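This briefing describes selected local features of one protein model. Please consult the sequence and the structure shown below while reading.

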Amino acid sequence: MTNGVVVIGAGHAAGACAAALRQGGYSGPVTLVGAEPLPPYQRPPLSKAWLKGEAKADDLLLRPSTFYAEKTITLKLSTRVLSIDRGARRVMLDDGSLLDYDHLVIATGSRLRVLEVPGADSAGILELRSHADAERIKEALGPGKCLAVVGGGYIGLEVAASARALGCEVTVIEREARLLARVASETLSDFFSRCHAGHGVSILTGASVAGFDAVAGQVSGVRLTDGRVIGSDVAVVGIGALAEDALAAAAGLECRNGVVVDGDARTSDPAIFAIGDCTLRPVPRYARSLRLESVPNALEQAKRAAAAVCGKPGPKPEVPWFWSDQYDVRLQIAGLPFDVARQVVRGDPASGSFAVFHLDASGVLQAVEAVNAAPEFVAARQWVAARQVINAGRAADITLTVKQIVEAAAGKA
Ligand code: FAD
């Protein structure tokens with residue numbers, strides 16, 4: 001009798017991997033062990049529609065809850081894996097039980113960076129990773145509440161936008177000189193600064209948090225290193241995440257800012273795969289290994305690991321992509337801005353619809369940031385994959401359709 005596949009984690013990557021195993025014809029036992037009480041669900045709505053009260057509980061689920069029984073996938077929820085015994089091919093769970101495996105998939109996601117400053121343990125200082133976190137934030141927000149968001153990254157900005165929709169007064173506190181400093185072009189940062197300011201959000205850049213003030217244990221303000229205090233009833237800290245790779249490292253698997261995997265999502269132990277946020281994975285388009293925190297990455301690696309277990313070829317590598325929704329703005333990013341020599345803005349950011357093309361020294365398209373510009377995003381995913389050379393002048397010319405940009409480059413227009 002086969003011991004089957006054990007998946008550590010029951011998040012986005014884990015749920016997708018279990019489904020892909022069955023789709024691929026895998027008939028052995030599949031068990032997902034997840035620390036959270038919910039079956040696999042989607043995190044993106046937690047900072048968006050869910051926080052605003054615009055999504056139903058079922059909308060969050062990756063698959064209907066009946067799916068797992070139908071596909072004979074065992075869910076062991078509210079259960080944590082404590083250790084991996086690679087020699088015995090066995091994991092130990094926090095309920096004292098042991099699970100044997102033929103293949104193990106590590107899908108433990110990421111853990112939030114902690115802001116270690118005085119007063120950080122006061123009530124009302126919240127973080128957002130899980131459904132339970134989102135519930136706490138939702139309960140704390142409401143008309144007239146003063147929210148301080150520490151961290152001007154995507155999650156912080158999405159929380160800020162949702163909180164404005166709920167009638168809160170919002171201040172975003174960002175240590176760097178601009179919002180989204182590590183992940184977006186200056187054009188995009190400027191756009192989002194103006195967009196949030198236009199919706200009544202106060203934005204403080206170059207502002208470091210020294211600590212939190214509290215009254216009777218409840219947060220009352222965020223104290224900055226320059227002495228300013230931002231009065232607040234609630235603070236949400238969103239300062240990034242790290243790979244949740246401690247279990248893998250303790251089991252002696254190669255880890256370097258994430259569990260190191262190959263193109264099939266296989267770790268340094270051939271019986272063990274790792275997928276999703278917890279991995280450092282090869283990204284062939286950029287000839288680098290990277291840790292990506294995104295749903296498309298989780299889905300792609302889930303399919304890869306499942307295909308490898310089933311002995312089938314995996315899907316073609318995808319160009320990394322990502323999205324964010326804030327107010328009526330849909331940002332879509334295709335590719336990653338490595339080796340960029342030139343940026344070209346197509347459209348006027350003030351119009352609320354534009355795209356930033358990132359070209360290398362030879363004019364090859366490396367990435368596109370598209371704001372309410374779906375055609376540019378859709379085309380860019382293909383062009384980045386194909387290493388398309390883009391004519392900068394034509395990319396900027398909005399009298400041309402998106403298609404005409406490359407027709408021109410190929411000398412057809
Ligand atoms: P997760 O979905 O985090 O799942 C990991 C699971 O493993 C967790 O449930 C965890 O509790 C469990 N676990 C960890 N250790 C153990 C253990 N020892 N035993 C058992 N279980 C364990 N991505 C986008 O592409 N677009 C977006 O707009 C977007 N918005 C986001 C908004 C928010 C608020 C958040 C938090 C994330 C967002 N993301 C977005 C990122 C995306 O959700 C993640 O990249 C994706 O969830 C990664 O899937 P995963 O399975 O690797 O990790």
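Which residue in strand 6 does Arg90 stand opposite? Arg90 stands opposite Asp100.

The model is predicted: local features need pLDDT of at least 70, side-chain atom pairs count only at pLDDT 80 or more, and totals for chains, interfaces and linings use all residues. Residues are numbered from 1 along each chain as its sequence is written, and side-chain values use heavy atoms, with hydrogens and water left out.

- An open sheet is formed by three strands in the order 4-5-6, with antiparallel pairing; strands (E, at least two residues) and helices (H or I, at least four) are DSSP runs numbered from the N terminus.
- Strand 4 (81-85) and strand 6 (98-100) stand at the edges with a single partner strand each, so one side of each is left without a neighbour in the sheet.
- On average, neighbouring strands of this sheet are turned by 20° against each other, direction ignored (axes are lines fitted to C-alpha atoms, and angles run from 0 to 180 degrees between N-to-C directions).
- Strand 5 (residues 90-93) pairs with strand 6 in the antiparallel sense over three bridges; pairing requires that DSSP find at least two bridges between two strands.

**Residues with positive phi**

- Arg89, in the loop between strand 4 and strand 5, has a phi near 50°, a positive value in a residue other than glycine.
- Arg89 counts as partly exposed because its relative accessibility is 38% (buried is under 20% relative accessible area, exposed over 50%, partly exposed in between, with a 1.4 Å probe and protein chains only).
- Asn257 lies in the loop between helix 7 (246-250) and strand 18 (259-260), and its phi is also positive, near 50°.
- With a relative accessible area of 52%, Asn257 is exposed.
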